Amino acid sequence: MKAKKLVALTMCLPLLLAGCTEERRLPSTDDEVTKRDAALVAVVQCLVDHGEVPSAHLEHQPWLRDKKVQPGAELVTWRSDHEETVYAGKTLQVWEDEATAGWPGWRCPL
Amino acid sequence: MGDFVGVDPDNLKELTKRLEQLHELLARHSPLIQQKMQKWGSEVAVTSLPGLIAAALDDVRDMDARTARAYELAREQGWSALSSAPGVLGPALTRPPGVRLDWEATGQSGNQGKRDAETLAAALAAKDPEDARIALWELPESLRRHLADKDYQAAFWAGAGPLALRAARALYERTGSALFSAESVSVLRALGASLAAASQMRVGTGEDRRPLLPAAIRAGLTGNSDPWSVGMLVKYGPEGRSWDSRLLADLTRAMLDARAAGKTIWPPARGKLETDVDASRHQRLMAEYDAVGAVLQRAAENGMAARHVLGDPATGLKYARMLVNDDWHTPGYDPGPFLSSYVHPGGALPLTGQVDLSAPTAAFLKAAVSAERGTSTDAKESAWSVVHIVQATAEFSKLHSGTLLPEKIRGSLMHVAGRHLPDFAQSVNHNFASGALQQGNKSSNPWVAINKVDELEGLFTQALQKPSEFGAFKGLMASRVSVAVAATIQDPSDRNYLREMGGLFGLIQRVENSHHFEGQLHADEEAAKNQMLLATASGGFGALSFSNPFGPGTMAQIFTALGTPALNETFDTGHALKALKTNLDASRQQVFQVEVPVVQGLVDAGAVHPPSNASWVRAGRVIPNAALVDWISLHADTRYAGRTLTDWITDAQTAMRMQQ
């Protein structure tokens, strides 16, 4: 688990760098966050729908009701615990970043 | 009952006094007696001594109650201590006659409590502070003696009734500089101590278990009929931890509600305010006898009481809104009437003379978020308090754009942020909803506060104003880099603390950019950041194990780290990361800010094992010296916990936005 996590950490590094070296003055932070919120819900829904999230990761998770992802604080803290977890070949963080970048055109590729 | 005996009140009083002295002597020497007995190998059982001493105190109380009753009976028979004896000029002391009293019934301290309550009620009803003071001069001693006595406490507070809660209003001085005489303060202190002690007592067992304080008293405390008087009992009562946290929480809510409803929370005005000096003196009097502040202060000292109030998911936000505000001062006065008509022809002028009262509010806010982190109910309330304070601050920022909260309250907001960096860091990229929950929604994990990013932005917009404040906060974050590195390795989940901290750093930067600080101000910020890095006690530089904090060795280390011109060569020689930078000054800055904490984090996590003769680590703390720079240079490509040292450092720099 550790090794996997560290590999993932290294993998996301170039992406981090790209996002940070430019002195960002976002025209509207709200837009970015709104996109990111929507992207996260869609990504997790996509991974859950295709059985990519092991059931152990979903046990007693209040944000998943009737197999539907509910946005909320509960989803934020779960996301944090799994940001470097690899689902379907990519970390959740990378999934979220890619979907945010492609939003609103992003579609579940699975 | 019905066990009547004849007694001489004076003799009974003497007997009580001697019993009391005996008890005191025993209590004082009991540790020594036990010690000696054990030392001499005595077979006398001394373990029961504390119990016997406690029983002796009960006996003292019983005898005291009987003595008081005996004098009372004597007075009922027409005796007076000061009376004109035949043949003697003027008043003389006379002995009371013998009386018959019910030995068993009067020996219970409950009776004493009942009688003290009657004395108090009669004295307060007199409505003359002078009379009340004379009638009450023995009360403080009696209350103190019975602080831990349930029978007495129950009888006293049942008998005294809500009237006792208005003692301050009956006792305050109508003239003079002090609002209370020394005797009145003594009464208020004793009543406060008694109320605090009683608040922690429970009676009954099982389902019948309930507070000892009667419902009428509890209703009186929170019923707001005279919040100022209640506040004075709390002001003169004991430190916050001596009170029941629930009662203090109820009191706080009642006080804040009364204040919001515009009820009288200030000390009574005494006479007409004739001059500007009178008016400003009255403002200071209001500040000194500030009832709401007194209750907030005690609740803050108690800690849990503050968390009960702000940590309630249903009502916490309402009270957080009242606290996170810029109206924590005395009302002030209109100076118009004190000006000559020539200067001021009429009309209302802006109020003046306000005295700042934000200190207890700030202390309360800090206490509300300061429970030990974990899975306890207290930690849960603390996390909810964070959520509510952030929300209330964001609302204030929105409603009063451009208005600053008082300095002390802003200080508390920084305390909230500093204490909850990982909470805010995981919240920062989303805007779904806010709430307290257990990390990852697992019941074995600590409670955390999740806030919408909009609300966090509102918080930092208020909390951080000056460049030096931004600098200090960034320094605090940078000083946690080592912890973030260690936590990312050690946390069993797949969380990346370093990355999340980077997100939070971005938010701080956005808020700062909105201020458009100029060049010189940036220098202030840089200085504050470095100062904070050196001062922070957790992680990073603050944790350096300086053996003598202010000795010459300390300064040498700091100067080495800061890279003073004389030591430039030491820093630059063989520094592998130098190639990454074009600007040497920037390079030194980064050596100072990131590499040491990163190495510290790797050491903390057990990923780096320093050689035993390494001079750059002492007692587990990494020391920024030339040897460390050498070590870093030699190990730039060595892998630790799966990644090279350079990777770790670059990632930390990225997270902290330190590229120049």
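# A walk through chains A and B

Let's begin with chain A, whose elements run α-α-α-α-β-β-α-β-β-α from the N terminus on. That comes to six helices and four strands, where helices (H or I, at least four residues) and strands (E, at least two) are DSSP runs numbered from the N terminus. This is a predicted model, in which local features need pLDDT of at least 70 and side-chain atom pairs count only at pLDDT 80 or more, while totals for chains, interfaces and linings use all residues. Residues are numbered from 1 along each chain as its sequence is written, chains are lettered from A and ligands numbered from 1 in the order in which they are written, and side-chain values use heavy atoms, with hydrogens and water left out.

Of the 110 residues in chain A, 46% are buried. Buried means under 20% relative accessible area, exposed means over 50%, and partly exposed is in between (1.4 Å probe, protein chains only).

Now for some backbone details. Most residues other than glycine have a negative phi, and most peptide bonds are trans. In chain A, the phi of A:His60 is positive, near 55 degrees. A:His60 sits in the loop between helix H4 (55-58) and strand S1 (64-65), and it counts as exposed because its relative accessibility is 71%. A:Ala88 is not a glycine either, yet its phi is positive at about 50 degrees. Look for A:Ala88 in the loop between strand S3 (86-87) and strand S4 (90-91) of chain A; its relative accessible area is 31%, so A:Ala88 is partly exposed. Further along, a cis peptide bond with omega of about 5 degrees joins A:Trp103 and A:Pro104. A:Pro104 lies in the segment after helix H6 (92-102) of chain A.

Let's move to chain B, which has 30 helices and twelve strands. Buried residues make up 52% of its 660 residues.

Where do the nonpolar residues gather? In soluble globular proteins, nonpolar side chains tend to be buried together. A nonpolar core is a set of buried Ala, Val, Leu, Ile, Met, Phe, Trp, Tyr and Cys residues joined through side-chain atoms within 4.5 Å. The largest one here has 116 residues, and B:Phe156, B:Trp157, B:Phe180, B:Leu310, B:Phe424 and B:Phe460 have the most contacts inside it. Helix H18 (residues 377-399) of chain B gives the most to this core, with nine residues. Because domain 2 (110-295) and domain 3 (303-335 + 353-463) of chain B both give residues to this core, it lies between them; these domain bounds come from an automatic or database domain assignment. A second, separate core of 25 residues includes A:Cys46, A:Trp63, A:Tyr87 and A:Trp95.

Take a look at B:Phe180. Leaving aside residues up to four places away in sequence, its contacts (heavy atoms within 4.5 Å) include B:Leu171, B:Trp228, B:Met232 and B:Tyr289.

Helix packing is our next stop. H11 (residues 227-236) and H12 (residues 245-260) of chain B have axes that come within 11 Å and cross at roughly 140 degrees. Axes are lines fitted to C-alpha atoms, for helices over the stretch in contact, and angles run from 0 to 180 degrees between N-to-C directions. B:Pro227, B:Val230, B:Gly231 and B:Val234 of H11(B) meet B:Leu251, B:Met255 and B:Ala258 of H12(B).

Finally, find B:Arg174 in the loop between helix H8 (167-171) and helix H9 (182-199) of chain B. The C-alpha atoms of B:Arg174 and B:Arg270 are 6.1 Å apart, though 96 residues separate them along the chain.
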